[in-house]
Amino acid sequence: MTAKTRMLLIGVIVPLAIAAAGLVAVIVALPTLPDPVAVHWGLSGEADGFSSPLLAILLPPLVVLAYSVLAFAAVRGDEPPTANQRVILAIAPFLAVLITVIVTGSTVGQSGLADATDAASIVPLLVVALIAGLAAGVAGWALLPGSAVRVTSEPAEPLTLRGDERAVWMQRAEPNRLVAGLVISILAVAIAGGGLVLWAVAEIPALIVYLSALVVVGGLAVGSLFWRVTVDRSGLRARSLVGFPRFSVPLDQVESASVVDVVPLRDFGGWGIRFGGVRRLGVITRGGEAIEVRRRDGSTLVVSVDNAGTGASLLTALALRGTMST
Amino acid sequence: MLITIDPGSAEPLFEQLVSGIRSQVIDGTLREGERLPAARDLADSLEVNVHTVLRAYQILRDEAFIELRRGRGAVVAPRAHDYAQLGADIDRLVADARKLELTAAALAALVRKAYP
């Protein structure tokens, strides 16, 4: 079995099969279920929320399906997984077992009851679900192919600079139109939809709290996805368009600069400001070419940016010039 | 956007800035709508006076390569022309000049002379 097959099996196929089994179990039990069924339990262990069995039928498959899309997207090519991919993939069987046992188990457990208020306490089931879920996650983790050894990249060729020539390279780093549009439309829907609902049913203070929370979330999204990257006599700087945060590597700290090809989910577990290994920080706005700067202290900064080759070459040239003059 | 300037060159610094930015608009490295760095940031990076950068930006605006907007700074203007043909012509011209063992300065002088 290839590495890719095994990763897809653990991260996508088995979880979907678990959800499908739960779906079949609920449908088989459907004629004997009370309607509505209990779907929520109070702290005392007594059922206190009820709904149509439809929720129990749809919820686990939808959640597992949504996560499977992420897990599927995280598998790229037939290479052994990175640490980030392992985490994403091993969570899939954990999540599938957990939600299927809880939702499907608690619903099927009510079969034969005339009234859902008599439903048994959910606490024992929660314990079973958590243990089974963890076991599935650990098994998934163990069965995944061994972690990939990162290929070290070649330092970029230095750009040719005459004696006292000065140079600057500036480039914006931002998501491609699809991701940017997605982020903006999600925020717009959240502001408009959530705002309208709250405005209709809740007090004004709740609306204010909600909208300010969204402004903070939106600010963080913009702050971590839109950057200006500069390479000049002071080294490399990546500054968020909202002004903060900013990361920099002073010229005298540059050990080497190179171009790497980044797959966000595989290498950094997603987009934004991310860790992609030990002392390896990423400013990842999109997949594709990125500048990788190794510092003298052994830490690494990776910034996904267009024309990364030009930036890396200039940084190499400036760093070389710095070492020669001192 | 990569800009290099050589303080040792006979060409004034603002002209070096102009030709650096202009050539990148023409070759497509700088795309329409892209915002150029604030004059202050660029001046700081290149250790030149901010007025040198502003002067370069004004010349580029007069040549319609960029737009200067209050509050938004300098933005690459919509391309009035397609420079692909010119780029190809220049490549051929340079190749010919190389064959004839002409220096860049000699070729530039010939081109300049051809303008009325």
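Helices here are DSSP runs of H or I, at least four residues long, numbered from the N terminus. By that count, Ile102(A) sits in helix α3 of chain A, residues 83-108. The model is predicted. It scores ipTM 0.80 and pTM 0.68.

**Confidence in chain B**
- The mean pLDDT of chain B is 89, and 99% of its residues reach at least 70.
- Among the elements of chain B, helix α3 (residues 50-62) has the highest mean pLDDT, 94.
- Helix α4 (residues 84-99) of chain B has the lowest, 88.

**Ile102(A)**
- Ile102(A) has 21 other C-beta atoms within 10 Å. The cut-off for buried is 20 or more, so Ile102(A) is buried.
- Leaving out residues up to four places away in sequence, Ile102(A) touches Leu125(A), Leu126(A) and Ala129(A).
- Ala56(A) is 46 residues from Ile102(A) in sequence, yet the C-alpha atoms of the pair are 9.7 Å apart.

**Helix α3(B)**
- The 13 residues of α3(B) should span 18 Å at 1.5 Å a residue; the end C-alpha atoms are 19 Å apart, which agrees.
- Thr52(B), Val53(B), Ala56(B), Tyr57(B) and Leu60(B) are the buried residues of α3(B). They cover an arc of only 135° around the axis, so they lie on the same side of α3(B).
- An α-helix has 3.6 residues a turn, so residues three or four places apart point the same way.
- The buried residues of α3(B) pack against α1 (13-26), α2 (39-46), β2 (66-69) and β3 (73-76) of chain B.
- Exposed His51(B) and Asp62(B) are on the face of α3(B) turned away from its buried side.

Definitions and conventions
Residues are numbered from 1 along each chain as its sequence is written. Chains are lettered from A and ligands numbered from 1 in the order in which they are written. This is a predicted model: local features need pLDDT of at least 70, side-chain atom pairs count only at pLDDT 80 or more; totals for chains, interfaces and linings use all residues. pLDDT is the predictor's confidence in each residue, from 0 to 100. Helices (H or I, at least four residues) and strands (E, at least two) are DSSP runs, numbered from the N terminus. A residue is buried if 20 or more other C-beta atoms lie within 10 Å of its own, exposed if 12 or fewer, and partly exposed in between; C-beta atoms are placed from the backbone. Two residues are in contact if their C-beta atoms, placed from the backbone, lie within 7 Å. The expected span of a helix is 1.5 Å times one less than its number of residues. The arc is that of the directions from the helix axis to the C-beta atoms.
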